[in-house]
Structures are given as structure tokens and as C-alpha cells.
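Here is a walk through one protein and its ligand. Where does the ligand sit?

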Amino acid sequence: MRVLVTGGTGALGREVVTQLRAKGHRARILSRKPGAGADWIQGDLVTGVNLELAVKDIETIVHAASDAAHPRRYNATDVLGTRRLLAMAREAGVRHAVYVSIVGMEGVAYPYYKGKLAAEAVMREGIVPWSILRATQFHTLMETFLGGMSKLPRLATVPFKWQFQPIDAQEVAARLVEVVEAEPAGVLPDFGGPEVRDLKGLAELWLRIRKPDKRLVNLWLPFKFSRQFESGRLLCPEHRDGTVTFEQYLARRYPTP
Ligand SMILES: NC(=O)c1ccc[n+]([C@@H]2O[C@H](COP(=O)([O-])OP(=O)(O)OC[C@H]3O[C@@H](n4cnc5c(N)ncnc54)[C@H](OP(=O)(O)O)[C@@H]3O)[C@@H](O)[C@H]2O)c1
């Protein structure tokens, strides 16, 4: 199958590209950066540059591009960019677009999730036959959070009670390959990691390997989303699909000599 992977350079997208190719599919990457080869299109969801080229002769799109790090660009990238991509895809005769989304986000007042929900709504319009796979937070995101929370000298300040069910991006990618190989299916069952953990426990595991000198202290945040993270709104304990725990992921990523 000929597949376009938007976000094919990201934490999830690169795994999707690797696994699609390993199964004999043709995977084309869309990225804002330059890259080599016929299966790399330098383009941009915000400006629309080269999107037409990106979708040409493509059967299925895995839409994993997003700009979570830049709040001012959520709308332009995730919402308008998704609409722009789907309009081009429809013109090009793409048969299936698969959107990667987030478990439980309608219950959390977190600005990024507003953009993701609006992007899901664009998908549901059916501009192109669609599937949406909602996953829990990736192990890589836990590392991003914990890295950001341990910038102070000697301290890591972490909201102890935030609850997550982190999942390995490789396992999400494997599920996405199955979705690509199937027919458009609308909203798919949630896809969650193997265990629910509070951020204190995850931080202890991470600090032991990455920053053993840091002292872990609780961070209280006066935000609604923080209480919602604590109350487990992002979890799907009835869907423990992944098998790789955060601890196992860390052992794989940072093997001890
Ligand atoms: N991370 C999580 O825990 C998690 C959990 C559930 C669902 N998801 C969803 O899964 C998807 C992938 O997440 P991720 O963590 O892998 O993301 P990521 O590592 O931050 O990668 C984001 C990707 O989006 C691309 N991108 C950003 N702006 C773009 C633009 N204007 N035009 C074209 N490409 C653009 C980037 O490509 P270049 O920089 O190469 O242009 C990059 O490859 C997202 O939709 C996210 O919401 C993530």
C-alpha cells in the first residue's frame, strides 16, 4: 500500500514509517525539514506548501503531525492544517485517512486538547473516509514532561498525583499499521498502556536513570486541568493494550553497560 505519514519524523510517526516499510508498504514522509529520497516531501500543513505533491498517488494517510509545543499554532496546524490536508487528499482520491488522537481529552480543560477535538471534528466530516485511533500518553512524552520539570538546580518539581497510563510509541505504531491495512472504521476502541501510574512513581523511575542527584518534590498547580489529570480523566484502564511498561521502556532506551 502507498501511505503518506504526516509527522513521519515525530516520536510516533518515525515508528509508523519503519513498521510500514518492514511490512512491505511504501511510506512517504511529510516534514517541514529537507530530507533525501523520493519518499520524503518537504512541505507544511500551515502554509499548504507541497501538500498536493504529498498526497499524489497515495492510498492511505496516517495523520500524525501536530504542533503540541506551540500553543499559538494549534489551530493553524492541527485544525486548519487537517482540513487543508483532507481537501487535497479528496482531490487526489485517497481512500482512507487515519488520525491519531488522545484518550479522554474531552474531559480535560487543556488548551492543546481543544485543538485536537476540533481536528477530530474535521475528520468526522468525512471529507475522506476516516478512522480515529485515540491512544494514551507515550513514554516519550513522560520523558519530555519530566525533563521540563527537572530544570531547577538539584530539584525535580513534579505534580505527584497526575495519573497516566503511558504506552510505547512502537506499540501504537503497530496498531496503526493494522488500521492502515483495514477499512475505514470511524472511532476505534481506545488504545492504552499496560499500567496506570502516578507521576511521582514515573518520576522516581526516570530520575534514578537520568538525574539521580535530583531531589523529588511535589508541585501543586492551581489549574483545572491539573485536578483533571489527577482524577484520571486521561486513562482507559479497561484497555490495557500495550505490554511495555515505562520501566521496561527506560531499560531499553538507556541500557546499563
Ligand atoms: N505524545 C503523546 O503522548 C501522544 C499521545 C496520544 C496521541 N498523540 C498524538 O500522536 C501524534 C504524534 O505525536 P508525537 O508525540 O509523535 O509528535 P511529535 O514527536 O511532537 O512530532 C510532531 C510531528 O508533527 C510534524 N509537524 C508539526 N508541524 C507541522 C507542520 N506545520 N507541517 C507538517 N508537519 C508538521 C513534525 O514534523 P517536522 O518537525 O519534521 O516538520 C513532527 O514530525 C499527535 O497527533 C499527537 O497529538 C500523542
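What follows goes from the pocket to the ligand and its contacts.

This is a predicted model, in which local features need pLDDT of at least 70, side-chain atom pairs count only at pLDDT 80 or more, and totals for chains, interfaces and linings use all residues. Numbering runs from 1 along each chain as its sequence is written, and side-chain values use heavy atoms, with hydrogens and water left out.

Start with the largest pocket. It holds about 1,200 Å³ of space. A pocket here is an open set of points on a 1 Å grid over the protein atoms alone, where a 1.4 Å probe fits, with protein on both sides within 12 Å along at least five of seven lines. Its volume is the space filled by probe spheres set on the points, which are joined across faces, edges and corners. The lining counts 41 residues, and A64, S66, D67, A68 and Y112 come closest to the centre. Lining residues have an atom within 4 Å of a point. Elements giving two or more residues to this lining include α1 (11-22), β5 (96-102) and α4 (111-124). Helices (H or I, at least four residues) and strands (E, at least two) are DSSP runs numbered from the N terminus.

The ligand sits in the largest pocket; that is, more than half of its atoms lie within 2 Å of the pocket's grid points. Around the ligand are 25 residues, with T9, S31, Y112, K116 and F138 the closest. Membership requires a heavy atom within 4 Å. β5 gives the most to this shell, with 3 residues.

Now the polar contacts, pairs of N or O atoms within 3.5 Å. A ligand nitrogen is 2.9 Å from an N or O atom in the D44 side chain. The protein covers 88% of the 900 Å² of accessible area (Shrake-Rupley, 1.4 Å probe) that the ligand has on its own.

How values were computed
Polar contact = N/O pair within 3.5 Å; in protein donor to acceptor, adjacent residues only side chain to side chain.
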